[in-house]
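Subject: The structure, and some notes to go with it

Hi,

Here is the structure I promised to send over.

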Amino acid sequence: MAWNRDQMAARAAKELRDGYYVNLGIGIPTLVANMIPEGMTVTLQSENGMLGMGPFPFEGEEDADLINAGKQTITELPQTSYFSSADSFGMIRGGHIQLSILGGMQVDEKGDLANWMVPGKMIKGMGGAMDLVAGVPRVVVVMDHREKGGDSKFLKECTLPLTGKGVVDLLITDLAVFEIDRRGGGVKLTELADGVTLDELRACTEASFTVAL
Amino acid sequence: MSRKIYPDAASALAGITFDGMTVMSGGFGLSGIPENLIVALRDSGAKNLTVIGNNVGCDHHGMWLVLANNQIKKVLASYVGENKILESRYMSGEIEIEFNPQGTLAERIRAGGAGIPAFYTRTGYGTRVAEGKETRQFPNPDGTLDWYVMETGLVADISLVKAWKADTEGNLVYRKTARNFNPMIATAGRITIAEVEEIVQPGELDPNQIHTPGIFVQRLIKGPSYVKHIERLTTRPRPAAQENN
């Protein structure tokens, strides 16, 4: 047993707080937008230059001038604002966005993150990921715990080129949740996914961690 | 007629393009790209271009047209996916790509246009992006130190931007997220050419709502038409219509 994509997103949604400005990455993090708790005000930022992202448009109402960072058509809300990409990354680098939730290829026990390139394969580019992890005070990574072949993606040290060094605060995988001290204070296991045992988790995790369930 | 207004994209580019020049082009994905000026850049035949922008178009659209016409030597961008020609020419070494974090790219262009030769950012410290660059520590408000990477400002021989409306003086207003990289790119060109959907008389745009002041725009055209291709059309179902009986 393990968490599915929706369950991982639901766990990530528990990191939201009333009044937060939040940036959501592509993939599972995008699902968090549909899981904002009732009564909580959360403003979503799109790093191409928008605060206050609305839902996808109804068919026929799409507007080529209104897209999110994943290049999907979206809509605006009454409180929406638009700005340049320089202002947008000023918000990000300046620490004004409180929470970034994004995907990963590898995370290590020092809080390093790799999610932008695999040597020898075509590099698409890092987009805004390096700025987000360097500038946002709280960074949550949501990713599968293992490679398709079964190898751990939560490592002692990332082997892929880094997106950021010492940048991850919380790692949510399909098997567990880990708190990481990005200043080098180690890793705590705080939750196991439904039906996952500690022994099963240890068997497929390279990073070392203390147990604080 | 204003001295800045040209009849079409080809005449706006006439006499100012040359081989080996650096061109900046606005847009995020295909949103807010100067689509008519890009076609004119292709038709100019200028070669060995260095192209700076967030992306390099995508298959069959935008700056891809210039790429497919073998005019590009080097690219500075943050994301170049969905572009098969670029992929094959990068992997074969025919084209050089300098990957920049998106915020670093935006700030390098902003800095270049504002006369700032370099700045320090935390972005990319400890990654490949920082290799070969000066790094140094600066204090945080709490007295702890963080490492920063020095990045340099960028300027261009020609900047191509797309806005929604302009007045005849070149004051620009952008629309929604089509603004993206356009305002900074407008400031960083030795010659900046803007294309817009509508040109109005001075006084018809609210001076409080100008995004790019006309000082940054040397040449201006009204685009004859806009395709505004959407890369990822994403919609949701309409709620079921209420029966009226």
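Which helix of chain A and which strand of chain B each supply at least two residues of the lining of the second largest pocket? They are helix H4 (129–135) of chain A and strand E7 (145–152) of chain B. Please keep in mind throughout that this is a predicted model.

Let me stay with that pocket for a moment. The volume of the second largest pocket is about 540 Å³. Its lining consists of 22 residues, and those nearest the centre are A:Gly166, A:Arg182, A:Arg183, B:Arg122 and B:Asp146. Sorted by class, the lining of this pocket comprises nine nonpolar, eight polar and five charged residues.

Lining the largest cavity are B:Ser25, B:Gly26, B:Gly27, B:Gly29, B:Leu30, B:Ile33, B:Ile38, B:Asn55, B:Gly57, B:Gly62 and B:Met63. In that lining, four residues are nonpolar, seven are polar and none is charged.

Two of those lining residues turn up again elsewhere. B:Ile38 is among the buried residues of helix H2 (residues 35–44) of chain B, together with B:Glu35, B:Asn36, B:Leu37, B:Ala40 and B:Leu41. After H2(B) comes B:Gly45, with a positive phi near 75 degrees. B:Gly57, for its part, is touched by B:Gly81, which also touches A:Lys124, leaving aside residues up to four places away in sequence. B:Gly81 sits in the loop between strand E3 (72–77) and helix H4 (84–91) of chain B. With a relative accessible area of 6%, B:Gly81 counts as buried because the cut-off is under 20%. From the C-alpha atom of B:Gly81 to that of B:Asp59, 22 residues apart along the chain, the separation is 9.4 Å.

Now to the aromatic rings. Over all chains, the count is seven aromatic pairs. One of them is A:Phe154 with A:Phe178, a tilted pair with 4.7 Å centre to centre and 50 degrees between the planes. This pair links distant parts of the chain: A:Phe154 belongs to strand E9 (residues 154–155) of chain A and A:Phe178 to strand E11 (residues 176–181) of chain A, 24 residues apart. A:Phe154 is buried, at a relative accessible area of 0%, and A:Phe178 is buried too, also at 0%.

In chain B, B:Phe138 and B:Tyr148 make an edge-to-face pair, at 5.4 Å centre to centre and 85 degrees between the planes. B:Phe138 is in strand E6 (residues 135–139) of chain B and B:Tyr148 is in strand E7 of chain B, so this pair ties together parts ten residues apart in sequence.

Finally, two charges over rings. A:Lys71 is placed over the face of B:Phe28, 5.2 Å from the ring centre. In the other case, B:Arg236 lies over the face of A:Phe58, at 4.1 Å from the ring centre.

Happy to talk any of this through.

Best wishes

Methods
Residues are numbered from 1 along each chain as its sequence is written. Chains are lettered from A and ligands numbered from 1 in the order in which they are written. This is a predicted model: local features need pLDDT of at least 70, side-chain atom pairs count only at pLDDT 80 or more; totals for chains, interfaces and linings use all residues. Side-chain values use heavy atoms; hydrogens and water are left out. On a 1 Å grid over the protein atoms alone, a cavity is a set of points where a 1.4 Å probe fits but cannot get out, and a pocket is an open set with protein on both sides within 12 Å along at least five of seven lines; lining residues have an atom within 4 Å of a point. Grid points are joined across faces, edges and corners, and a volume is the space filled by probe spheres set on the points. Helices (H or I, at least four residues) and strands (E, at least two) are DSSP runs, numbered from the N terminus. Ala, Val, Leu, Ile, Met, Phe, Trp, Tyr, Cys and Pro count as nonpolar, Asp, Glu, Lys and Arg as charged, and the others, Gly among them, as polar. Rings of Phe, Tyr and Trp (its six-membered ring) pair if their centres lie within 6.5 Å; planes under 30 degrees apart count as stacked, over 60 as edge-to-face and the rest as tilted. Buried means under 20% relative accessible area, exposed over 50%, partly exposed in between (1.4 Å probe, protein chains only). A charge sits over a ring if NZ of Lys or CZ of Arg is within 6 Å of the ring centre and within 35 degrees of the ring normal. Contact means heavy atoms within 4.5 Å.
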